[in-house]
Amino acid sequence: MYQGSSSLSMDAKGRMNVPQKHRDALQTQCEGALTLTKHPNGCLLMFPRPVWEQHREKIAAWPMSARPWQRIFLGFATDVEIDSAGRILVSPELREAASLSKEVMLLGMGSHFEIWDSTLLRVEEEKAIAAGMPESLNEFSF
């Protein structure tokens, strides 16, 4: 179960460090084999490869009416490996798709991660807070 946020810097070649706390778990779970793909909310999704493979099978089975969504999730999917320095390389296409700049946020979302441009994430959080809690969470409490 991956959770927590990490503020990271992406270098000019598109490499970013995977924080040690997650790197160790990812080495155990999938030997550092990851898959990145685009998300329509403006971020990238990062999956341990075995988790992605389960999702990929489901996405591939979607009906033809969902073809545009298959293009988003499957068409942008890129396999990456954690290198010996603990980094992953984000392709130029994926960096552009998520408007990633130098400052990024890695968010643990349970079974996977989201990678956000730091500024864009702040804007999205502000919009979500301004809109209020969705009705589906009315019964939720800590």
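Predicted model: local features only at pLDDT ≥ 70, side-chain atom pairs only at ≥ 80, totals over all residues.
Local features here need pLDDT of at least 70, side-chain atom pairs count only at pLDDT 80 or more, and totals for chains, interfaces and linings use all residues. Numbering runs from 1 along each chain as its sequence is written, and side-chain values use heavy atoms, with hydrogens and water left out.

**Stop 1: His112.** Select His112. It lies in the loop between strand 7 (103-110) and strand 8 (113-117). Strands (E, at least two residues) and helices (H or I, at least four) are DSSP runs, numbered from the N terminus. His112 is buried, at 16% relative accessible area; buried means under 20%, exposed over 50%, partly exposed in between (1.4 Å probe, protein chains only).

**Stop 2: its surroundings.** Now show Tyr2, Leu45, Met46, Phe47, Pro48 and Leu107. Leaving aside neighbours within four places in sequence, these are the residues in contact with His112. Contact means heavy atoms within 4.5 Å.

**Stop 3: strands 7 and 8.** Move to Leu107. Opposite it, in strand 8, stands Glu114. Strands 7 and 8 pair antiparallel over five bridges; pairing takes at least two DSSP bridges.

Stop 4: Colour the six strands in the order 1-7-8-4-3-5. They form an open sheet with antiparallel pairing. Strand 1 (2-9) and strand 5 (78-81) are the edges, each pairing on one side only.

**Stop 5: the helices.** Select residues 49-60. This is helix 2, packed on the sheet and touching strand 3 (33-38), strand 4 (44-48) and strand 5. Finish on helix 5 (residues 118-131), which packs on the sheet against strand 7 and strand 8.

Note on methods: Axes fitted to C-alpha atoms, helices over the stretch in contact; angles between N-to-C directions.
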